[in-house]
Amino acid sequence: MKRVIYLFAAVALTVAMTACTNTASKKSEAQATEVKSEVAHATLAVKGACGMCKTRIEKTAKAVKGVSTAEWSLEKQELVLDFDSAQTSLKSVSEAIAKVGHDTASDTAPDDVYNALPGCCQYRN
C-alpha cells in the first residue's frame, strides 16, 4: 500500500512540475514578445566644422540610451543613426546634440554653449 501511495505521489509531482515548466515557458515567450524592440534607422542634419565636432556629435548621440550606432559626416553635415525606438526618439537625440553646441534640423544650440566651443568648431557665420 505504501508503494502505491509513493508511486501516486511521484506521478502527481512529475505532472505538477511539467505543468509549471510549461506555464513559465509560455510566460517567458509572452514577455519576450512584449519587450520586442524596433531598430530605427534615421538621418539627422547636424551642423559642425571639424574632426572635434565629429567626435563630440557621435559621442553625444551614442550616450543617448537606445542609440546603437552614430556616424556623422562633415561633408554632408548629416548624422546617420540606428536606435531602439522603444527606448528613444530622433527628437531626444537632436536635443542632446543641441545641448552640447551643435544646431540640428529641429533644435538650435544655446548661444552660451555654442560660444564656448573651440574656435575651430564654431560653424555659424
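This note goes through a predicted model of a protein, from its overall layout to single residues.

1. Overall layout. The protein contains 4 helices and 3 strands, and their order along the sequence is α-β-α-β-β-α-α. Of its 125 residues, 30% count as buried. The accessible surface of the protein amounts to about 8,400 Å², with 59% of that area belonging to carbon and sulfur atoms. Among contacts between residues at least 6 apart in sequence, 51% link residues that are at least 24 apart.

2. The strands. Strand β3 pairs with β1 and also with β2. The pairing of β1 with β3 is antiparallel and comprises 7 bridges; that of β2 with β3 is likewise antiparallel and comprises 6 bridges.

3. The hairpin. Strands β2 and β3 form a hairpin with 4 residues between the strands, and there glutamine 77 adopts a positive phi near 55°. Lysine 76 also belongs to the loop between β2 and β3. Lysine 76 has a relative accessible area of 60%, which is over 50%, and it is therefore exposed. Although lysine 76 and lysine 47 are 29 residues apart along the chain, their C-alpha atoms are separated by 9.4 Å.

4. Helix α2. This helix has 13 residues and spans 18 Å from its first C-alpha to its last, close to the 18 Å expected at 1.5 Å a residue. Its buried residues are Cys53, Arg56, Ile57, Glu58, Thr60 and Ala61. The student may compare their spacing with a general rule: an α-helix has 3.6 residues a turn, so residues three or four places apart point the same way. The elements that cover the buried residues of α2 include β2, β3 and α3.

5. Helix α3. In this helix, residues 90–99, the buried residues are Val93, Ser94, Ala96, Ile97 and Ala98. They pack against β1, α2, β2 and β3. Just after α3, glycine 101 takes a positive phi of about 110°.

6. Histidine 102. This residue lies in the loop between α3 and α4. Is histidine 102 buried or exposed? Its relative accessibility is 0%, under the 20% limit, and so histidine 102 counts as buried. A polar atom of its side chain lies 2.8 Å from the backbone oxygen of lysine 47. Leaving aside residues up to four places away in sequence, histidine 102 touches several others, among them Val46, Lys47, Gly48, Ala109 and Leu117. Its contacts also include Cys53, Arg56 and Ile57, which are listed among the buried residues of α2, and Ile97, one of the buried residues of α3.

7. The aromatic pair. The structure holds 1 aromatic pair. How are the rings of tyrosine 114 and tyrosine 123 arranged? Their centres are 5.0 Å apart and their planes meet at 75°, so the pair is edge-to-face. Both members are buried: tyrosine 114 has a relative accessible area of 5%, and tyrosine 123 has one of 15%.

Note on methods: Residues are numbered from 1 along each chain as its sequence is written. This is a predicted model: local features need pLDDT of at least 70, side-chain atom pairs count only at pLDDT 80 or more; totals for chains, interfaces and linings use all residues. Side-chain values use heavy atoms; hydrogens and water are left out. Buried means under 20% relative accessible area, exposed over 50%, partly exposed in between (1.4 Å probe, protein chains only). Helices (H or I, at least four residues) and strands (E, at least two) are DSSP runs, numbered from the N terminus. Contact means heavy atoms within 4.5 Å. A polar contact is a pair of N or O atoms within 3.5 Å; within protein, one must be able to donate a hydrogen and the other to accept it, and residues adjacent in sequence count only if both atoms are side-chain atoms. Accessible areas come from the Shrake-Rupley method with a 1.4 Å probe; for residues, only the protein chains shown count as cover. The expected span of a helix is 1.5 Å times one less than its number of residues. Two strands pair if DSSP finds at least two bridges between them. Rings of Phe, Tyr and Trp (its six-membered ring) pair if their centres lie within 6.5 Å; planes under 30 degrees apart count as stacked, over 60 as edge-to-face and the rest as tilted.
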